[in-house]
Amino acid sequence: MVSMEEISQALQKGKAKIVQELVQQALDEGVSAKTVLEEGLLAGMDVIGVKFKNNEVYIPEVLIAARAMNAGTTVLKPYLNESGEAAIGKAVIGTVKGDLHDIGKNLVRMMLEGKGIEVIDLGVDVSAEQFLDAYQKEHPDIIGCSALLTTTMSEMKNVVNAFEAAGVRDKVTIMIGGAPVTEAFCQSIGADIYTPDAASAAEAAKQVLTNKHNA
Ligand code: B1M
């Protein structure tokens, strides 16, 4: 039996291929995707986060751990998809300008897709103008912004402002999240919804779409 600690350790060492194999093995053994994600992959990333903060590991180690994390979540993807039906709505998501952290944003994408929401992922370092351009082209129901740095979260305000200036603010729900983001910040910048994690982001997005369809 694969233990979640083994997955966490392999992730911390940045062994992407081993992480993928262990994740698949755990799933084959009947461990739930949620447990593998939370107690294996995210637990390992948490350890790296603390070591990074304490200068016990540096950017190269963090980067290879991040790659291993993304490799592991790729294996989880089909197991997190509950719906299997036609898309119930559309979201455009991205990590804001100046910010290159994409693990949380990728998890949000996966969880949204798991709820049957079509996701257009603009990637990282996405400017307010790029979010607006994507809105004009794709007409999504939801714009999702992720930020991991206290220095980049203010970019979310620029996203809200850009939609206001273009006269389309009331046509779209702006959701925000990321480690430094809070409910109070969400309210202060005039965004619509803050959620602390990817699973609650997907729940909230589904609720938005259900309310829209019932309106
Ligand atoms: Co960076 N980094 N990093 N980093 N990094 C943090 C964020 C930091 C807290 C580390 C620390 O010092 N303790 C710190 C930020 C300090 C601050 O601003 N307060 C930091 C720093 C300083 C930096 C650099 C400036 C370091 C440097 O160069 N000196 C630099 C900045 C680069 C840039 O972006 N311009 C940098 C670089 C990097 C790497 C490239 C090496 C790498 C990123 C690789 C990648 O993403 N592909 C990296 C990593 C991995 C981290 C840590 C260790 C882990 C982040 C992570 O992926 N967590 C992080 C420390 C930490 O968080 N403890 C750290 C796991 C992920 C699942 O969590 O993204 O929070 P998270 O997502 C969560 C929720 O926040 C939520 O859902 C997820 C959980 O379900 N969520 C949403 C996220 N987005 C959402 C959107 C939503 C809803 C929920 O709605 C739309």
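The model is predicted, so local features need pLDDT of at least 70 and side-chain atom pairs count only at pLDDT 80 or more, while totals for chains, interfaces and linings use all residues. Residues are numbered from 1 along each chain as its sequence is written, and side-chain values use heavy atoms, with hydrogens and water left out.

- E1 pairs with E2 in the parallel sense over five bridges, and Ala-91 has Val-119 in E2 as its bridge partner.
- E1 also pairs in the parallel sense with strand E3 (residues 142-146), over five bridges; here Thr-95 stands opposite Ser-146.
- Seven of the seven residues of E1 are buried, so the strand is largely enclosed by the rest of the structure; buried means under 20% relative accessible area, exposed means over 50%, and partly exposed is in between (1.4 Å probe, protein chains only).
- In a regular strand, side chains alternate between the two faces of the sheet.
- In E1, one side has Gly-89, Ala-91, Ile-93 and Thr-95, the other has Lys-90, Val-92 and Gly-94, and both faces are covered.

- His-101 lies in the loop between strand E1 (89-95) and helix H5 (103-114).

**Cysteines**

- The disulfide count is zero, taking a disulfide as a pair of cysteine sulfur atoms within 2.5 Å.
- Cys-145 is in no disulfide, and the nearest cysteine sulfur belongs to Cys-186, 10 Å away; for Cys-186 that distance is too far for a bond.
- Cys-145 is buried at 5% relative accessible area, and Cys-186 is buried at 1%.

**Salt bridges**

- The count comes to nine salt bridges, each being a side-chain nitrogen of Lys or Arg within 4 Å of a carboxyl oxygen of Asp or Glu.
- Within helix H3, Glu-38 and Lys-34 are four residues apart, about one turn of the helix, and their closest N and O atoms are 3.4 Å apart.
- Of that pair, Glu-38 is partly exposed at 39%, while Lys-34 is exposed at 52%.
- Lys-90 and Glu-138 form a salt bridge with closest N and O atoms 3.1 Å apart; Lys-90 is in strand E1 and Glu-138 in helix H6, so the pair ties together parts 48 residues apart in sequence.
- Lys-90 is buried at 18% relative accessible area, whereas Glu-138 is partly exposed at 30%.
- Glu-203 and Lys-115 come to 3.0 Å between their closest N and O atoms; Glu-203 is in helix H9 (residues 198-214) and Lys-115 in the loop between H5 and E2, so this pair ties together parts 88 residues apart in sequence.
- Glu-203 is partly exposed at 46%, but Lys-115 counts as buried at 12%.

**Surface and backbone details**

- Phe-52, Ile-59 and Leu-63 make a nonpolar surface patch of about 280 Å².
- Patches take residues with over 30% relative accessible area and no salt bridge, joining like charges within 9 Å and nonpolar side chains (Val, Leu, Ile, Met, Phe, Trp, Tyr) within 5 Å; the areas come from the Shrake-Rupley method with a 1.4 Å probe, and for residues only the protein chains shown count as cover.
- Ile-59 lies in helix H4 (residues 59-80) and is exposed at 53%.
- Asn-55, in the loop between helix H3 (33-53) and H4, has a positive phi of about 60° although it is not a glycine.
- Asp-125 also has a positive phi, near 60°; it lies in the loop between strand E2 (117-121) and helix H6 (128-138) and is partly exposed at 39%.

Definitions and conventions
Helices (H or I, at least four residues) and strands (E, at least two) are DSSP runs, numbered from the N terminus. Two strands pair if DSSP finds at least two bridges between them.
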